[in-house]
Amino acid sequence: MDNSSVCDENSETDIGCSTPSIDSLDYSRTISDVSTFSERSDGRSSPYEPPPHTAAWPISRLTGRRPPPVLTRLSMKQRVDVLDRKSTEDEIELIKEKFSKLLLGEDMSGNGKGVCTAVAISNAITNLYATVFGSCHKLEPLSPEKKSMWRREMDCLLSVCDYIVEFFPSSQILPDGTNVEVMATRPRSDIYINLPALEKLDAMLIEILESFQKTEFWYIDERKQSFNCSTSKSFRRLSQRNEEKWWLPVPCVPDSGLSEKSRKELQQKRDCAKQIQKAAVAINTGILSEMELPESYLAALPKSGRASVGDAIYRYMSAPDQFSPDYLLDCLDISSEHEALEMADRVEAAMCVWRRKASMQHSKSSWNMVKDVVADSDKNVMLASRAESILLSLKQRFPGLSQTTLDTSKIQFNKDIGQAILESYSRVLESLAFNIVAWIDDVIFADRSARKG
């Protein structure tokens, strides 16, 4: 199996945003919470040094310089601070606790009934994100304690990747001048490509939050706010906008609105966070596509794709005329995320059925090979391709859509530790970027309301 992570080009399309909800979770593509497989964890450490502050938040910062071809264990992540940090007794105890839980597979009884190491690490990253960012609802810097926890624990969890390597043929010159062939090691290709990029995105998101120290807007707890205050105009409008999330603090701006400079900086930071979200989505999609299909999911698939999507949708998808996924979704009139997720599960199941049939018909083991050699007239290939375009359109219309049954099954039954780390890390960064975009949107909405009023 090729371990390199290939990002789906479809994931680069623009993704909308909505106000985040702290109680929507379960492997959501945008909102992460405590995993159902493990306990909540505390603490973390960062494998990078934050990039220097810039005022313009250029999108080009997403494409950092790649590391040198041959990387040592510490140079791969460039964690210089790790070498200088003196471990305290608390840090040593924390490392012991995390190491023990990973070895036990979160089964504290020690009976060997815990989850596999890949799932345990994935849960640890998910739970750490919920611990550090789960109570964050404002555009403000992280507290020093939470920032230290995030960096300290993530450094421990990501250090596993330093020992995930692949062998390649090389040569070595002996003292007597003899040239012999040996097998050398290097970081696994998917980790070599994606982990430095994720660490860069992580640093940029933390830097965005750190930049909100002195702002022209402020937050008010709706449950304690009196509408007699002078800032009630923007407050009332945003309160009506967020009626379903009454527990979240509401941003307020002066009656005259934000200054032009503050408004421009907000938009620049929003654009940067949006690009970070799209990059995290691309990495996450690529990692998930490389994970093996769980046997339990394959066993539950319907016998035909038609049975999964229904007769009406199947007839439109199989028509020889030009196919439009947007037109199909408009006809279905999907109005809620629950309906969208149900449709995504049905379409994805049908897509898997059609891909398996196409692979068996052409005696190929790889779907990518099938796509390259099969003619457009092959009906199963055509249906699978159209199903994939429907999934993409659904995710564009519902950017806060939870992960499908297939993606959740892949995460739950995955045994590849490298893939588990990359998937969970990209997922929580995607969630944080999504939240930042939504929080900025709320401030922009309050500003527009104040200027109109």
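Reader: Which residues in α3 meet α4, and which residues in α4 do they meet?

Author: Happy to start there, with the reminder that this is a predicted model. Heavy atoms within 4.5 Å count as a contact. On that basis the α4 side consists of K146, M149, W150, E153, M154 and L157. The α3 side consists of A124, I125, L128, Y129, T131, V132 and F133.

Reader: How does that contact divide by class of residue?

Author: Two residues in the contact of α3 with α4 are charged and one is polar. The nonpolar residues number 10.

Reader: Is α3 roughly parallel or antiparallel to α4?

Author: The axes of α3 (residues 117-133) and α4 come within 10 Å, and they cross at roughly 175 degrees. Angles over 145 degrees count as roughly antiparallel. Therefore α3 and α4 are roughly antiparallel.

Reader: What does α4 span from its first C-alpha to its last?

Author: α4 covers residues 144-158, which is 15 residues. At 1.5 Å a residue, the expected value is 21 Å, and the helix comes close to that. Its reach from first C-alpha to last is 21 Å.

Reader: Which residues of α4 are buried?

Author: A residue is buried when its relative accessible area is under 20%. In α4, that group includes the charged residues E153 and D155.

Reader: What about α5: which residues make its contact with α4?

Author: The axes of α4 and α5 (residues 189-210) come within 13 Å and cross at roughly 175 degrees. That angle makes the two helices roughly antiparallel. From α4, the contact uses K147, W150 and L158; from α5 it uses L195, E199, D202, I206 and E210.

Reader: How many residues of that contact are charged?

Author: The contact of α4 with α5 has no polar residues. Its nonpolar residues number four, and its charged residues number four.

Reader: Where does D333 lie, and what is its phi near?

Author: D333 sits in the loop between α11 (325-332) and α12 (337-361). With a relative accessible area of 59%, D333 is exposed. D333 is a residue other than glycine, yet its phi is positive, near 55 degrees.

Reader: Which residues does L341 touch, leaving out those up to four places away in sequence?

Author: L341 lies in α12 and counts as partly exposed, at 23% relative accessibility. Its C-alpha is 9.3 Å from that of K395, 54 residues away along the chain. The residues L341 touches are L401, S402, Q403 and T404.

Reader: To finish with the chain, what share of its residues is buried?

Author: The chain has 16 helices and four strands. Its accessible surface comes to about 22700 Å², with 51% belonging to carbon and sulfur atoms. Among contacts with a separation of 6 or more, 81% join residues 24 or more positions apart. Of the 453 residues, the buried share is 49%.

Conventions
Residues are numbered from 1 along each chain as its sequence is written. This is a predicted model: local features need pLDDT of at least 70, side-chain atom pairs count only at pLDDT 80 or more; totals for chains, interfaces and linings use all residues. Side-chain values use heavy atoms; hydrogens and water are left out. The expected span of a helix is 1.5 Å times one less than its number of residues. Buried means under 20% relative accessible area, exposed over 50%, partly exposed in between (1.4 Å probe, protein chains only). Axes are lines fitted to C-alpha atoms, for helices over the stretch in contact, and angles run from 0 to 180 degrees between N-to-C directions. Angles under 35 degrees count as roughly parallel, over 145 as roughly antiparallel, 65 to 115 as roughly perpendicular and the rest as oblique. Accessible areas come from the Shrake-Rupley method with a 1.4 Å probe; for residues, only the protein chains shown count as cover.
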